[in-house]
Amino acid sequence: MQGAAQLFEKVNKFAVTTKHGKTNGRLVAASVSGHRILVALETVSFETVAKGRSKTVTYPEGTGFMYHGELGLHQIFPGGMYDMLRSRAHASRGERYESRDMREMGQLTFDFVRRYVSWSLLDEEARRFTDDGIRSLADELVTKRNDRKRTAATRFLKATGLRTKKNGKRMPMPSAFTASAGAYHLGLRREDVGEILRYIDPERIEVFDHVEGVHRRLDDAWRAVRPDAVERPGHAIALAAMHPKSAQAVKVMREALRPVYDGLREIRVRPLDGCAREAAEALRALRNRILRAPSAESVDVTEYLVEARRALARAQAIRTTEMEAISPLSFLLARWRRLDDAQREKVRRRAVELCTELPRTLASREAFFDERTRERFRDGIDMATHLAETRNDEHPRRQLVAVKKTLKKLSASLI
């Protein structure tokens, strides 16, 4: 954790204009990127008029606000960072893909090019997200009559599949250059790849970087409390619990546990702020139990570790559901209008795969759920899988939208 970039630039009061009008007073928020990307640090309310009646619209702490230059206002994302990420990754403007021009698509390509350049720093979720985004652009271009657009589509698809012949490992730098070449064929005049890499939409990159920063802090916390680590001889928490109130225990709390606690407390954006707060509180209680022990005899901190693991396991379930099921499904639905019947059937089958893969992916963390959480998780997965497996030839897209909504409800139920 030491040396990790801060999640926020500053905390301040911001004046923002939204679809509801201006905030009542100034918005108390943490800034991710200037005034353009904000996270509310308290409940936000707006006075609005609907059907001739005034009413108050309220959004919870952790809501995201992102400036939309074309509309001249901040869009509101009560679901938090994953909704903000999908909004920017799709560059959708409300899914109006027909109106997106080549330059806008080129800008989106640069976002993903940067991902390839920093490939070694990305986890599997971020890598899949990058490839899915490039494929989505390719699918939109491949049916075009314009030769340059079709060439760009070919380049994009090639970028997602470049591997070494010897061991099949990905080749991120050649992928970056190949995707950049695709952007060039969209008519973007750039002297070299270095200039391309500097031409990046700041909001898109900042949101992705923020998501990755949140994930890193959760990963650090899990490594600190997971059972196989704590049970290993010489683990910092185990040693401190064996010798409470000692100079060694104080050092462990300061150097090993405090950075993890501080990292969790930095997470203020939905939907992971609640889980992070619970895990941080469990670690704080663990620290107090060790340092305020009545004697120098060893203390039992199992209950605090269990509480932290439960919160972090739920956070991982939300993260995996959002990044490995909802996001890929969103990309697939974004392509829908351009797919033929056979391709749409493949999308339906992929939705089934996404639902059935979730329990296997989360099997190691599900073991730490309490009974109520495990029941909610299983019920949500079963319902989403049933919807995906049931054929609806009359309204297939509507069916997949229902699957996505069910997965969103599942994610929300774990908060």
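Author: Axes are lines fitted to C-alpha atoms, for helices over the stretch in contact, and the angles between N-to-C directions run from 0 to 180 degrees. Helices (H or I, at least four residues) and strands (E, at least two) are DSSP runs numbered from the N terminus. This is a predicted model, in which local features need pLDDT of at least 70 and side-chain atom pairs count only at pLDDT 80 or more, while totals for chains, interfaces and linings use all residues. Residues are numbered from 1 along each chain as its sequence is written, and side-chain values use heavy atoms, with hydrogens and water left out.

Reader: How many helices and strands does the protein chain have?

Author: The protein chain has 16 helices and nine strands.

Reader: What share of the residues of the protein chain is buried?

Author: Buried means under 20% relative accessible area, exposed means over 50%, and partly exposed lies in between (1.4 Å probe, protein chains only). The protein chain has 415 residues, and 50% of them count as buried.

Reader: What share of the contacts joins residues 24 or more positions apart?

Author: Contact means heavy atoms within 4.5 Å. Among contacts in the protein chain with a separation of 6 or more, 63% are between residues 24 or more positions apart.

Reader: At what angle do the axes of α13 and α15 cross?

Author: Helix α13 covers residues 341-361 and helix α15 covers residues 371-389; their axes come within 8 Å and cross at roughly 165 degrees. Angles under 35 degrees count as roughly parallel, over 145 as roughly antiparallel, 65 to 115 as roughly perpendicular, and the rest as oblique. Therefore α13 is roughly antiparallel to α15. As for handedness, a crossing is left-handed if the near helix is turned anticlockwise from the far one by less than a right angle, and right-handed if clockwise. The crossing of α13 and α15 is left-handed.

Reader: Which residues make the contact between α13 and α15?

Author: On the α13 side they are R348, A351, V352, C355, T356, L358 and P359, and on the α15 side F377, R378, I381, A384, T385, A388 and E389. To sort such a list, Ala, Val, Leu, Ile, Met, Phe, Trp, Tyr, Cys and Pro count as nonpolar, Asp, Glu, Lys and Arg as charged, and the others, Gly among them, as polar. The contact of α13 with α15 then has nine nonpolar, two polar and three charged residues.

Reader: How far apart are the axes of α10 and α11?

Author: The axes of helix α10 (residues 247-266) and α11 are 9 Å apart, at an angle of about 165 degrees. That angle makes α10 roughly antiparallel to α11, and α10 passes α11 in a left-handed crossing. Among the residues in contact are M253, L257 and Y261 of α10, and A280, L283 and L291 of α11. By class, this contact has 14 nonpolar, no polar and five charged residues.

Reader: Is L291 buried or partly exposed?

Author: L291 counts as partly exposed because its relative accessibility is 21%. L291 lies in helix α11, which covers residues 273-291. Not counting residues up to four places away in sequence, L291 touches K245, A249, V250 and M253. L291 and S246 are 45 residues apart in sequence, with their C-alpha atoms 8.0 Å apart.

Reader: Where is P271, and what kind of peptide bond joins R270 to P271?

Author: Most peptide bonds are trans. The bond between R270 and P271 is cis, with omega about 5 degrees. P271 sits in the loop between α10 and α11.

Reader: At what angle do α12 and α16 pack?

Author: Helix α12 (residues 302-334) and helix α16 (residues 396-413) pack at about 160 degrees, with axes 10 Å apart, so α12 is roughly antiparallel to α16. Their crossing is left-handed. Residues that meet include I318, A325 and L329 in α12, and L400, V403 and L407 in α16. The classes in this contact are 10 nonpolar, three polar and four charged residues.

Reader: Is H210 buried or exposed?

Author: H210 is buried, because its relative accessible area is 7%. H210 belongs to helix α7 and, beyond residues up to four places away in sequence, touches L7, F8, V32 and V269.

Reader: Which residues does E212 contact, leaving aside neighbours within four places in sequence?

Author: E212 is in contact with R115, L122 and A126. E212 is also in helix α7, which covers residues 202-225, and counts as buried at 12% relative accessibility.
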